[in-house]
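This report looks at how two chains meet. The sequence and structure come first, followed by notes on the interface and on confidence.

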There are 2 protein chains.
Amino acid sequence: MTQQRLVVIGGDAAGMSAASKVRREDPAREIVVFERSPHTSYSACGMPYFIAGLVDGPEKLVARSPQKFREKYNIDARTDHEVTELDLTKQRVRVRNLADAKDSWEPYDQLLIATGAEAIFPKLANSDADGIFGLSTLASGIRVQQFMDRQLPRRAVVVGGGYIGLEMAEALVRQGLQVSLVERGEQVMGTLDPDMGALVSDALREIGVELYLNESLTGYESANGLVSGVVTDQRTLPAELVIVGLGTRPNTALAAAAGITLGEKGSIRVNPRMQTSAPGVWAAGDCAESFHLVSRRPFHVALGTVANKQGSVAGINLAGGYATFPGVVGTAVSKICKYEVARTGLMERELQQLGLLYRSATIKSKTRAGYYPGAGWITVKLLAEQGTGRLLGGQIVGLEGAAKRIDVLATAITAAMTVQQIVDLDLSYAPPFSPVWDPVQTAARQLLGGSD
Amino acid sequence: MTQQRLVVIGGDAAGMSAASKVRREDPAREIVVFERSPHTSYSACGMPYFIAGLVDGPEKLVARSPQKFREKYNIDARTDHEVTELDLTKQRVRVRNLADAKDSWEPYDQLLIATGAEAIFPKLANSDADGIFGLSTLASGIRVQQFMDRQLPRRAVVVGGGYIGLEMAEALVRQGLQVSLVERGEQVMGTLDPDMGALVSDALREIGVELYLNESLTGYESANGLVSGVVTDQRTLPAELVIVGLGTRPNTALAAAAGITLGEKGSIRVNPRMQTSAPGVWAAGDCAESFHLVSRRPFHVALGTVANKQGSVAGINLAGGYATFPGVVGTAVSKICKYEVARTGLMERELQQLGLLYRSATIKSKTRAGYYPGAGWITVKLLAEQGTGRLLGGQIVGLEGAAKRIDVLATAITAAMTVQQIVDLDLSYAPPFSPVWDPVQTAARQLLGGSD
């Protein structure tokens, strides 16, 4: 084993989790990581907070630097090195050193593709104007901050009402900008049912974001090379800064060009051990496919938690051990100023597409005992299978302390618990933390046929 | 069904949950509730916060008044009525109207005993002095507040380092008193392992509470009928107010005198439908036995959550439906100023008593991403069965946001999940809520053999 050379493409969560795991199991293995950006192991999720001024600088988002990987872990982490081609037959990758633009071929015995995902950035009229940014890498976050420092924009438009769009809307509000948000759906947060998404839309309006719902981006206006407006199918919004938060797509062009089988949304198809269709080639993280435990279908999600888990599983297997990644239940959480939003499992539209019959209940409760200072509102929606009562999905919107309750529902869904079993759960209670029936249980009781 | 008369003894969580459930199912049933205190459906758990001045007045702790039960639910809730004898043969109870001290016999077709638990209050030298209080009913909390208003005590001693003792210590510190706490164990919070209890002891010292550990109460000193000191096996502590927080015992003297079978710690033995050994007699709440899903043994716990659940189950059955109470996993949570403490499952001592072999891991992590403002420390300890890896217990001590994570562990224990399954859980992550690996998963990874 120790004579083999492991090459990892991509030096963020999945790639470095895997590399670290292999190093831990096999102190002598040669491990080389090629990362095209200047950074390793950073928190992409932290960028909105860095731009909001809540985090001192981008370096705070870096968990482990290339130097640290080299010196402490004996992992040859080469940043500013872009892999441009896979040669599966000869077991080698072509690498460009971005510093001098020189290419070389690097051999591997095992290859892990952890190329992540990139922000979707449609080519539209004037989309090359300065001041229009997608956000995916730490470098892209730094570019936004530098642009803001240089241009002092006062009006921003965020395109897309998903997690990154909403977190960036908050960040820009915090920095004193006037912020508009364009979303083609009827509500923001399209991973919630519209009735729950409406609560998030209200929250955004309350913090001063102007919402343009049911409206689609068609292009931009620019002046002197700088963006000056966002054009939708209904109007033109003045803008000195634009954040495009239309989601991400897996970075899988390299893999596709090499003939590796792709799956859901263009992600790399993997088996539970994170092996691709090509012998000796593994994939993990935002570029790799996942599996949804509720729909029982292939699924793609770009999230640090999943990337870390898949990387860890790949690492154990690459080190000669055995591990499998069982899949996800679609959990996500976000904070928009004082509002918290979370979801897990499937939403109504997804259940309908699967042909599953379900019942739902939505309740409003408090995050703490009603008489305890700081008790805030929390709305919980549950979806359960008709007949079996099996929990299929949960959504939460509320104030401080609301969102992390989604983890109970994610755990219950994973365990295939019924709504009755959720009512029966021995959840913690004290007045500073919860009403005597935790709100997730109040929702479950409602679903069962009404609380007293 | 509707011709029957249901008599409920005890008008707090269990009794009124049951009565409300029966009313919901059967609008015509005659329902009479006898409650010896002046209050119904109050939050006993809220008393420390009312005494701390965080809650405006005791009436805020009352969820539903006797008037409301009578008028809105047509439940004949008679407060200041004490049941003094059960006559199972003639299906009647002897009731004393405390207003005029007159007794009468009241017939029943079905009887629910929901007499709760009372604070353990040892008879010791001078224990009848004014200023020494146990806490169980709302009335007892009001007496403490009235005493404080009248006597303006400056030095308080809390005897017992369990939940109520610690919450009262905080309450008294908040009210500006100098507080000492006497605990006969080596650490406070004896429902945690000593290593985790030590963190809570440290937290108490940090908020200014003087701790006297490994020390037992032997009596009191008094002057002019007022308490003046607490005597332990090692010293006398000056005290103008004493809170005795030595736990509670089930109020089951009535049931025992009537020959109803008792179980764990003197609680009333019930089957899963909450039926006692006597035909037509049911029990629920702090006076009734429970079942521990991990030890698989009868168990007694006095908690509002359990009382509500048992009351609800009893109510469904009393109304002619079918429901069972599956049991508990021993979850509890508390807040002591800024510190949060939680536990679920079994602790080391309990596992040893059961002869279970286990492994444990304790980790220190953060409540949010390390770079996010307000990230505080959190310590998580997990206990898992040797061989199977099944989670058997969890304990958490930490700052804001720490404790409610215990619910994930309570859910996982209920579902008989292994430590590997906890690592695999799709828990929510965003920087304001968690590190990328939730601390409970970091602890699980540690237990599996180390994180990277």
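## Contact between the chains

In this predicted model, 65 residues of chain B are in contact with 65 residues of chain A. The size of an interface is often given as the accessible area lost when the parts come together. Between chain B and chain A, the buried area is about 5500 Å². Carbon and sulfur atoms give 61% of that area.

## Polar pairs and salt bridges

Between chain B and chain A there are 2 salt bridges. One of them joins Lys404(B) to Asp438(A), and the closest N and O atoms of this pair are 2.6 Å apart. Across the interface of chain B and chain A, 22 residue pairs are in polar contact, with both residues at pLDDT 80 or more.

## The side of chain B that touches chain A

Several elements of chain B each supply at least two residues of the side that touches chain A. The helices are α1 (13-25), α8 (304-318), α10 (406-414), α11 (419-424) and α12 (439-449), and β21 (332-336) is also on the list. With 7 residues, α10(B) gives the most to this side.

Sorted by class, the side of chain B that touches chain A has 29 nonpolar, 20 polar and 16 charged residues.

## Confidence

The model scores ipTM 0.96 and pTM 0.96. For chain A the mean pLDDT is 96, and 99% of the residues of chain A reach 70 or more. Where pLDDT is low, the predicted coordinates should not be read in detail.

Conventions
Residues are numbered from 1 along each chain as its sequence is written. Chains are lettered from A and ligands numbered from 1 in the order in which they are written. This is a predicted model: local features need pLDDT of at least 70, side-chain atom pairs count only at pLDDT 80 or more; totals for chains, interfaces and linings use all residues. Side-chain values use heavy atoms; hydrogens and water are left out. Contact means heavy atoms within 4.5 Å. Buried area is the accessible area (1.4 Å probe) that two parts lose on being put together, summed over both. A salt bridge is a side-chain nitrogen of Lys or Arg within 4 Å of a carboxyl oxygen of Asp or Glu. A polar contact is a pair of N or O atoms within 3.5 Å; within protein, one must be able to donate a hydrogen and the other to accept it, and residues adjacent in sequence count only if both atoms are side-chain atoms. Helices (H or I, at least four residues) and strands (E, at least two) are DSSP runs, numbered from the N terminus. Ala, Val, Leu, Ile, Met, Phe, Trp, Tyr, Cys and Pro count as nonpolar, Asp, Glu, Lys and Arg as charged, and the others, Gly among them, as polar. pLDDT is the predictor's confidence in each residue, from 0 to 100.
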